[in-house]
Amino acid sequence: MDVFQTLSLIVTDYTLRNVALGAGILGIVSGALSTFAVLRKQSLLGDAMSHAALPGVVLAFIITGQKTPLVLMLGALIAGWLGVVLVSVITSQTRVKYDSALGLVLAVFFGFGMMLLTWLQGQNIASQSGLDQYLFGRAAAIVEHDVQTMALLGVAVLALVAVFWKEFKLLSFNPDYAATLGFPVRAFDIALTTLIVAAVVLGLQMVGVVLMSAMLVAPAAAARQWTDRLGVMIVLSSLFGAVAGAGGAIISSTTTRLPTGPTIVLCISAIVLISLLFAPNRGIVWAWLRQQRNRAELQKAMLLEKVYQVSYLEGSPLQTHPLEELRTFMRGSQLERALEALKQDGYMHLDEDGRWGLTPSGVAQAEAILRERPRALARRPSPDGLRQEVVG
C-alpha cells in the first residue's frame, strides 16, 4: 500500500479516520499539558495517574454495568484525582518525598485495579470482556461518538489552560514568587494536576494505562530541545504529539495485528530521538560539530601563535620552517589539518622548498591573538620587545 492510498483511507475508511482523529486529539492535549509536567519536574506524575486510573475504570463498570467511554472516563478521572489527593496528603502530612509518594500511589492503585480486573474476569459477566484492553489501549474500538467526546474534553482542557495561562506559567517557573503575590498556589497546583489527570483519562482508550505516561513526557521532552520559550514549547509539544498520534494510527493500519498504542509511543519516541540528536541549540550532533569546530579554531590559533613566536626568535616574523620543526607544536593529522586551514585562510603559505611560513596577514592575526590575551601578553614581551630581548 503506497502513501497516497494510505492517506486516502483516512477520508474513506471509517475506523482509520476515527482512530487517527482520536490519536491526534490525544497528542495535542497531552502534548500541551506535558509541557507543564516536564517543566515542573513531575514527569512521574503521568505514570502514577495513568496507573491509578485503572481501578476507576473497573469500579465504574462494576457500579453501572456499562462500558460506555464517558462512564469509564468519569471513573478513571475520579480515581486519578483521588490518587493526586492522596499524594498531596502523604507529602504534606509525612516525611515521604514527592517521588516516593507517587511510586507508592502508583503501585497501590494499579495493584488494586489488577485485583479488581482479575476478580471481574472470573465472574460470568459477558459484558465485562474488553476491559483488560485498557492496559495497552483499544484504539480499534473507537467510534465517532468517542472521538466527539475526546474532542469536547480536549477543547475544555485547552480552554482552561488558555484562561489560566499566566497563573500556570508563573506556577511552573516560580511558585514561591506567585505565593508572595497572593496567588492561591495550592489551588492552581491542584487545578493543573487535575487537567493532567484529565489528559491521562483522555488517552486510556487510545494507548492504555501502561503507555499513557509516555504521551505525558515525550512530546515536551522533544519540544524542549528546540526552544526556550514556553508558548513555542507548548505549540511544538502539541504538534509533536499530534504527529505521533496520527502517524502511529496510520502506520498501525498498514500492517496486520500491529497495535496502535505501542506504535504511537514508538513514533513519539522517534521524534524525541531526532530532537535530541539534531535540535540546533541542544542537539547532540550539533553540539559535537560545534565542539569540533571550536577545537579546530583553537588549534589554528595555537599553531599560529607558536609559529609567530619561533619566527621572531629566528629574526623575522616571515621566517619559514620545515614541517618536521612544526611537529614539535602539534603532532599527527592535527598538524596537517591546521596548516591546510591556515593556508586557506591566507595566514600561512608553503614555499617551493616545502617550508611553511606566516603571511603578512598571518603576522597581523597572530599579533591580534596576543593582544586579546592579557595574561599571554603579561608573560611575553611585545613583538619588538621579544626580538630585542633575544638579541640583547
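Among the elements of the protein chain in this predicted model, helix α10, at residues 218-224, has the highest mean pLDDT, 94, whereas helix α18, at residues 383-391, has the lowest, 41. The protein chain as a whole averages a pLDDT of 84, and 91% of its residues score at least 70. Over residues 376-392 the pLDDT stays under 50. For that stretch the model has 17 contacts beyond four places in sequence.

With these confidence values in mind, the reader may turn to the overall division of the chain. The protein chain is divided into domain 1, which covers residues 3-280, and domain 2, which covers residues 286-378. Taken over C-alpha atoms, the centres of domain 1 and domain 2 are separated by 57 Å.

The next topic is the packing of helices. Two packed helices are described by the angle between their axes and the distance between the axes. Helix α6 (residues 144-163) packs with helix α7 at an angle of about 75 degrees, and their axes are 4 Å apart. An angle of 65 to 115 degrees counts as roughly perpendicular, and α6 is therefore roughly perpendicular to α7. On the side of α6, the residues that take part in the contact are L160, V161, A162 and V163; in α7 they meet W165, E167 and F168. By class, this contact of α6 with α7 has six nonpolar residues, no polar residues and one charged residue.

Helix α7 (residues 165-173) also packs with helix α9 (residues 185-215). Here the angle is about 100 degrees and the axes lie 10 Å apart. The two helices, α7 and α9, are therefore roughly perpendicular to each other. In this contact α7 contributes E167, F168 and L171, which meet V185, F188, D189, L192 and L195 in α9. The residues of the contact of α7 with α9 divide into six nonpolar, no polar and two charged.

The strands remain to be described. Three of them form an open sheet in the order β1-β3-β2, with antiparallel pairing. The edge strands are β1 and β2, each of which pairs on one side only. From one strand to the next, the twist averages 30 degrees.

How many bridges join strand β1 to strand β3? Three bridges link β1 (residues 320-322) to β3 (residues 355-358), and the two strands run antiparallel. Within this pairing, H321 stands opposite W356 in β3. Strand β2 (residues 348-350) is likewise joined to β3 by three bridges, and these strands run antiparallel. Here H349 stands opposite G357 in β3. Strands β2 and β3 form a hairpin, with four residues between them. In the turn of this hairpin, G354 has a positive phi of about 80 degrees.

Key: Residues are numbered from 1 along each chain as its sequence is written. This is a predicted model: local features need pLDDT of at least 70, side-chain atom pairs count only at pLDDT 80 or more; totals for chains, interfaces and linings use all residues. Side-chain values use heavy atoms; hydrogens and water are left out. Domain bounds come from an automatic or database domain assignment. pLDDT is the predictor's confidence in each residue, from 0 to 100. Contact means heavy atoms within 4.5 Å. Axes are lines fitted to C-alpha atoms, for helices over the stretch in contact, and angles run from 0 to 180 degrees between N-to-C directions. Angles under 35 degrees count as roughly parallel, over 145 as roughly antiparallel, 65 to 115 as roughly perpendicular and the rest as oblique. Ala, Val, Leu, Ile, Met, Phe, Trp, Tyr, Cys and Pro count as nonpolar, Asp, Glu, Lys and Arg as charged, and the others, Gly among them, as polar. Two strands pair if DSSP finds at least two bridges between them.
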